[in-house]
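Here is a short tour for you to follow alongside the model. Please keep the sequence and the 3D view open as you read.

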Amino acid sequence: MSLAVAGCAPKPTIVGKWQGTVAQPGGAINTVMEFTPDGKEAITGQGGRAGMTMNIAVSGTYIVSGTNLTQNLTTMTMGTRTMPIPPQQAKPTPFTLDGDHLTLTNPGTNESLTLTRVK
C-alpha cells in the first residue's frame, strides 16, 4: 500500500505565487511572480533607489516544457500607464524547483534569480 501512495505524490509545479529580489543597477526590486493553472502569468515589482520608488506590473502567458519556462509577456503597467509589449521571439528560460524555491536562469547571461513560494 505504501508504494501506491508514494507513486501518487503530486508532481512539483511552478503554479502559484513566488517572491524574491532582483538586483538592478538602479537598486533592488522586490518581485512577485504568479503562475496560474490556465497558463497565465503576472509579475509585479517595486523598488528603486533611495527617494525614488518604481511600481511595475507585467502580464502575459507561459508554457512549461520539462525544465524550461517560456514566457509571452504582453502588457506592462508603470504607475497608471498600461502599454502593450511588442511581440518578440520568446526564449526558454531554464528553471529548477527545490521545495519552495524556484530558480530561473537567464539563458543569455547565466545569471539566476531564486524566488520563494508564497504560502
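In the hairpin of β8 and β9, which residue takes a positive phi? Asn-110 does, with a phi near 65 degrees, and the hairpin has six residues between its strands. Please bear in mind that this is a predicted model.

## Strand β9 and its partners

Let us start with β8, which spans residues 101-105 and runs antiparallel to β9, joined to it by five bridges. Within this pairing, Leu-102 stands opposite Leu-115 of β9.

Strand β9, residues 112-117, is also joined to β1, residues 16-22. Here two bridges link the strands, again in an antiparallel arrangement. If you look for Trp-18, you will find that its bridge partner in β9 is Arg-117.

## Thr-31 in strand β2

Next, turn to β2, which covers residues 29-35 and contains Thr-31. With a relative accessible area of 9%, Thr-31 is buried, because the cut-off for that label is under 20%. A polar atom of the Thr-31 side chain lies 3.3 Å from the backbone oxygen of Ile-29.

Beyond its sequence neighbours up to four places away, Thr-31 touches Trp-18, Gln-19, Gly-20 and Val-22, along with Ile-43, Thr-44 and Gly-45.

## Ala-28 in the loop

Ala-28 sits in the loop between β1 and β2. Is Ala-28 buried or partly exposed? Its relative accessible area of 40% makes Ala-28 partly exposed.

Leaving out residues up to four places away in sequence, the contacts of Ala-28 are Thr-21, Val-22, Gln-46, Gly-47 and Gly-48. Gly-45 is 17 residues from Ala-28 along the chain, and their C-alpha atoms are separated by 9.7 Å.

Notes. Residues numbered from 1 in each chain as written. Predicted model: local features only at pLDDT ≥ 70, side-chain atom pairs only at ≥ 80, totals over all residues. Heavy atoms only, no water. Pairing = 2+ DSSP bridges. Helix = DSSP H or I, 4+ residues; strand = E, 2+ residues; numbered from the N terminus. Buried < 20%, exposed > 50% of the residue type's maximum accessible area, 1.4 Å probe, protein only. Polar contact = N/O pair within 3.5 Å; in protein donor to acceptor, adjacent residues only side chain to side chain. Contact = heavy atoms within 4.5 Å.
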